[in-house]
Amino acid sequence: MIEVQQALKILRETSPKQIRESRDLKDSLGYVLSEEIIAPIDLPNFDQSAMDGYAVNVKTGNEVYEMIGEVQAGSANEPVLLPGQCVRIFTGAKVPVTANTVIQQEWAITNGNEVRFDRAVEKGRNIRPKGEQIKKGSMALEKGSVLNAASIGFLAGMGITELPVCRKPTVHILTTGNELIPPGHDLAPGQIFESNSIMLQSALNTFGFDEVQVATVPDDYEKTVQVIKTALENADLLMLSGGISVGDYDYVYKALLENQVNELFYKVNQKPGKPLYFGKKYQQIVAALPGNPAAALSCFYIYVLPTLNQMYGKGFQGLKTSKALMAESYSKKGSRAQFLKAKLDKNQVRPLGGQSSAMLKSFSEANVLIYIPTEAETVLKGEEVLVYHIHV
Ligand code: AMP
Ligand code: MG
């Protein structure tokens with residue numbers, strides 16, 4: 001049995017860092033760049049008008065400008081302006097090379113082809129020069145950037161359609177247990193509704209992991225060996241629920257051995273989730289979570305989430321943490337580290353009733369998990385504790 005921090009250290013050191021792939025820009029929201037992006041063009045790619053108005057070839061002392069044409073946005077028109085001449089121009093249009101300023105239309109008084117301006121006409125105004133935002137060949141986005149709406153727009157603006165990113169890990173959930181019946185069916189005596197797969201799938205989806213497959217297996221050794229084998233052929237991370245404890249019908253540990261999965265650790269000195277197992281085969285990770293629903297979800301948040309994020313190129317990053325003050329004293333039962341379902345209100349945190357690893361009611365009301373390390377026996381009211389924020 002190992003301590004929480006040791007288990008996390010092992011996962012940080014052994015989970016694969018990233019799997020690269022090339023992706024369409026339109027399908028890359030939330031992905032992480034596996035390489036830096038170099039600007040393939042200047043932005044803007046020509047001198048652009050920033051205003052609706054007049055592109056002017058300035059002549060000192062001149063009062064009336066002669067308008068000789070017009071340039072619309074998108075037009076390739078390139079009128080040649082002599083000093084003292086101007087053209088009508090619109091926002092986003094290419095400024096003629098012979099113009100040296102753009103004056104907004106609000107400053108202009110027109111009379112046929114004659115244009116006067118009610119303020120001094122200065123050179124170099126209202127032009128977005130070529131390459132002002134970024135120059136061709138310079139770095140547009142750093143390796144490791146998470147793609148969001150703005151960065152996707154920025155890349156599209158440079159005409160980029162495909163990107164080098166870290167592949168999103170695929171997940172296979174496998175639930176075990178003879179007693180489990182999918183919701184929507186009738187329960188016979190001794191049976192319960194299977195709830196871990198939909199819970200874990202929802203937790204995965206919350207953090208953007210949406211390539212998830214689900215399978216179920218009864219408490220049968222041969223079948224467990226077989227489904228694990230198939231799952232390992234299909235997913236970057238295999239997440240099992242149940243069957244990893246010490247019961248006579250808990251076959252997961254043995255079936256993983258049979259599949260040559262190398263154990264990273266088995267059993268963590270914590271509550272809930274003591275019989276937690278992690279293993280690795282080639283570049284695939286196996287997380288065998290306890291079957292008790294609250295324990296399974298706790299273990300997902302604390303261990304599986306940062307592991308998946310590391311595989312996704314985001315580093316070993318789990319739930320956000322912060323410090324909070326205990327709203328009441330809490331005495332630990334036993335000597336294990338604890339993750340308590342709790343309610344955080346401003347900076348005061350209160351453990352909820354119903355901490356059993358079989359109970360999800362308190363978990364569904366909680367907004368944080370309080371971490372109480374192995375060494376602490378009692379945390380007093382007003383004492384500072386570390387909390388993990390469940391909701392993103
Ligand atoms: P196990 O870890 O297989 O011994 O299961 C521990 C407890 O969790 C038992 O009460 C199981 O019935 C329950 N359990 C296991 N898997 C699930 C599941 N997928 N959905 C709901 N409860 C489960
Ligand atoms: Mg079981």
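1. Basis. In this predicted model, local features need pLDDT of at least 70 and side-chain atom pairs count only at pLDDT 80 or more, while totals for chains, interfaces and linings use all residues. Residues are numbered from 1 along each chain as its sequence is written, chains are lettered from A and ligands numbered from 1 in the order in which they are written, and side-chain values use heavy atoms, with hydrogens and water left out.

2. Helix 1 and helix 6. The axes of helix 1 (residues 4-14) and helix 6 (residues 293-311) come within 10 Å and cross at roughly 20 degrees; helices (H or I, at least four residues) and strands (E, at least two) are DSSP runs numbered from the N terminus. Axes are lines fitted to C-alpha atoms, for helices over the stretch in contact, with angles from 0 to 180 degrees between N-to-C directions. Helix 1 is therefore roughly parallel to helix 6 (angles under 35 degrees).

3. Residues of the helix contact. Helix 1 contributes Val4, Ala7, Leu8, Leu11 and Arg12, and helix 6 contributes Ile302, Tyr303, Thr307 and Gln310; contact means heavy atoms within 4.5 Å. By class, there are six nonpolar, two polar and one charged residues (nonpolar: Ala, Val, Leu, Ile, Met, Phe, Trp, Tyr, Cys and Pro; charged: Asp, Glu, Lys and Arg; polar: the others, Gly among them).

4. Six strands, in the order 7-4-6-5-9-8, form an open sheet with mixed pairing; two strands pair if DSSP finds at least two bridges between them. Strand 7 (101-104) and strand 8 (108-111) are at the edges with a single partner strand each, so one side of each lacks a neighbour in the sheet. Neighbouring strands are turned by 40 degrees against each other on average, direction ignored. Within the sheet order, strand 5 (residues 65-71) and strand 9 (residues 114-117) pair in the antiparallel sense over two bridges, and Glu66 has Glu114 as its bridge partner.

5. Burial of strand 20. Five of the five residues of strand 20 (residues 277-281) are buried, so the strand is largely enclosed by the rest of the structure (buried: under 20% relative accessible area, 1.4 Å probe, protein chains only). Tyr277, Gly279 and Lys281 lie on one side, and Phe278 and Lys280 on the other.

6. Partners of strand 20. Strand 18 (residues 262-266) runs antiparallel to strand 20 and is joined to it by four bridges, with Tyr266 partnered by Tyr277. Strand 21 (residues 284-289) also pairs with strand 20 in the antiparallel sense, over five bridges, and Lys281 stands opposite Gln284. Two residues lie between the strands of this hairpin, where Tyr282 takes a positive phi near 50 degrees.

Conventions
Parallel < 35°, antiparallel > 145°, perpendicular 65-115°, else oblique. Buried < 20%, exposed > 50% of the residue type's maximum accessible area, 1.4 Å probe, protein only.
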